[in-house]
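Please look over the sequence and the structure below before reading on.

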Amino acid sequence: MYFNSQGKDSVTYDAIIVGSGISGGWAAKELTEKGLKVLVLERGRDVKHGDYPTATLETWDVPNRGQLTEEEWKDYPKQRRTGYTVTQFTRHWWVKDTEHPYYETQPFDWIRGYHVGGRSLLWGRQSYRLSDIDFSANATDGIAVDWPIRYRDIKPWYDYVEEYIGVSGQNVGHPQTPDGVFQPAMELTCVEDHMRQKMAQIYDDRLLMVGRVAHITKQGGHNGRGNCQFRNRCIRGCPYGAYFSSNASTIPAAAATGNLTLRPFSTVHSIIYDDQTQKATGVQVIDTETLENLEFYAKIIFVCASAIPTASILMNSKSDRFPDGIGNDSGELGHNLMDHHFQIGARAQTDLFDDKYYKGRRPNGIYIPRFRNIDKASQHKDFIRGYGYQGGGMRAGWWRPAEAKIGKALKEELSQPGTWGMNLTAFGECLPYHDNKMTLRYDKLDKWGLPAVDFDVGWKENELNMRKDMQTQAAEMLEAAGFKDVSVYENNSNPGKGIHEMGTARMGRDPKTSVLNKWNAIHAVPNVYVTDGACMTSAANQNPSLTYMALTARAADHAVRELKKMNI
Amino acid sequence: MKRRQAIQTSVFLAGCGLSAGTIAAIVSSCSTAPADSGTTFLGDDNVALLGDIVETIIPATDTPGAREAGIHEWMDQSVRDNFSQEESEMFKTALSQIRKDGFSKMSQERKEDYLTSIESEEGQPNVFEVLRGMTCQGFFSSEIGATQVLAFDPIPGEWRGCIDLAEVGKAWA
């Protein structure tokens, strides 16, 4: 059935990593640096660091001022839904929906790109640790299953990852948002600092700080990556390597060991399971260009394809032992799908600081950490868990409404900065519901013969109740801080739009109710690790990538120790 | 609805106080763009008229205006690429009326009065608001608008969060 043109030795590695994004890149770096021969399989094309064709172009250098034409949009009806991701500067980073269709029993925005580096090239770079409030949340509330780890288990790995990737931020001694190892923080604007001071006066339980963001602000180390130049064109790829990506950081580090083989255009069909050894022995791969079927073998497999493709691969890995997908003894594979719900909050204006401005384009904003349901005093009667705010205080630019209608007066008005505005957008935790799931449609195969994904995910009562408070508190804080023209907004974001898909192969203590153990390995197949968003037992409200990286480094360390002990 | 939200969040279409509803109305349906023929989409006479219109909305002062920045030509392409057939027909009809009224021969002051007093037709976006929004969008995102009228800094190299406006003097591009 499956033939390789070379002998088995040439397709055998110590470890295979599926995916080259933020988790796969970390797995590659850690495993190669520990001496393993590693094959990284990436379904998309190769992107070398620096291969960012639009990085230095201006608006007038691209067609249509950066917008796609209606004809061009026809390939991106779903990727378009965010309103900000797909432009003439970035369209090469996103999948064409016409080539990669999916189905929506309920609406789901699945926003993604297939290339080496994956969404590590495109991420928002906000980096916050989870705390024990998060790791114990399911146990405290008696829902879903308990995380099998606590903060002390992951803390050294957060330290390790933050130091390596470079996170600009500030330690504030806030228990919900644990301190870390930070590069120098970026400055607040005058208005943001004003809001910070007001909040410190008014609230005992709330604070405002500048965002923690994976950018180098103090040069030195980091594999020669450069300092942030404050262009805020990160999504095009950074020629300085100033923000963390697999391409600028972990993949070059892995390659430098001489132990890395990177194979682009390689989509994984399934994981091969051996009944005799009760372990995985390798993966079946389809070369997306030649459509050849290939097999590769290894002692360890890291599945880091991101939450939805990872679950798809596991679900499609059927055997006599695992008729419903490898590792799916619990029936939880593909379930408990989570994202963060957002696009709700408030904005306001102020007449203060009319003679002040800023220089540069900060690729970052402000952060107000969670303050709800931390303790008895902060319990909310209508929902459990909480939310944090991101946003910022900036002056309006030429795109604002002008008072002058026409002529010289209009030109002069818009050549000056407008009023200072302050915006707070909440990012809320979504609970893990068994009902929120993805399934595979074997009646809808793609051009590689793989089943399409169908999403059936919806916000429920807890999220909807939380949203009311997310909006109200944003407005109240702006009013309390003395801002004027406070207005609220609610854009009813679909699940998926947060681009934080999580939970489809959750970690847990009990093989009957979870897919992965406390080391991110499949309970019943201990040489298969899953360290991307699929592993998340709860979503917390923080941007999750930092946690994926820390869990990946921790799992790689465990895998190599187990290998040395001949346990896997 | 999704499309409308997408457009509302695009800074490129939010120029000069176009209301969200107007923006949505301008580009509310899909169109099939013809292949680029190397000639104008709206016709040379219409593009020349647009040159007079955009220069009225953003005139040359001590810095160049919208005509020198080529905004009329950009607008021609934008109508081609982002308007539905129905919308571009409406746009052409509006331009015909403006030409018939002898716009190009008017004084600058008269041109301003003429454009700002264009009335909305029932159920349709106000033609002046559309022209004004597109002119602002095109101009301030053009090389001339960004580098000569606004403060332009392609590689800032640093971030300072709170400085005197006088240090910059203009809005950032």
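Residues are numbered from 1 along each chain as its sequence is written, while chains are lettered from A and ligands numbered from 1 in the order in which they are written.

The model scores ipTM 0.92 and pTM 0.93. Chain B averages a pLDDT of 83, where pLDDT is the predictor's confidence in each residue, from 0 to 100. In chain B, 78% of the residues score at least 70. Residues 1-14 of chain B have pLDDT below 50, and this stretch has 26 contacts in the model beyond near neighbours in sequence. Two residues are in contact if their C-beta atoms, placed from the backbone, lie within 7 Å. Residues 18-36 of chain B also stay under 50, with 33 contacts beyond four places in sequence. Where pLDDT is low, the predicted coordinates should not be read in detail.

Now to the place where the chains meet. Chain A gives 47 residues to the contact and chain B gives 52 residues. On the side of chain A that touches chain B, two or more residues come from each of helix 2 (70-73), helix 6 (190-202), strand 10 (356-359) and helix 9 (407-414). Helices (H or I, at least four residues) and strands (E, at least two) are DSSP runs, numbered from the N terminus. Helix 9 of chain A provides the largest share of this side, 5 residues. By class, the side holds 16 nonpolar, 14 polar and 17 charged residues.

Strand 10 of chain A also pairs with strand 1 (residues 160-164) of chain B, in the antiparallel sense over 3 bridges; two strands pair if DSSP finds at least two bridges between them. Here K359(A) has R160(B) as its bridge partner.

Which strands pair with strand 18 of chain A? Strand 17 (residues 521-522) of chain A pairs with strand 18 in the antiparallel sense over 2 bridges. Strands 17 and 18 of chain A form a hairpin with 2 residues between them, and I522(A) has V525(A) as its bridge partner. Strand 18 (residues 525-530) of chain A is mostly covered, with 5 of its 6 residues buried (20 or more other C-beta atoms within 10 Å of the residue's own, C-beta atoms being placed from the backbone).

Key. Predicted model: local features only at pLDDT ≥ 70, side-chain atom pairs only at ≥ 80, totals over all residues. Nonpolar A, V, L, I, M, F, W, Y, C, P; charged D, E, K, R; others polar. Buried ≥ 20, exposed ≤ 12 C-beta atoms within 10 Å, placed from the backbone.
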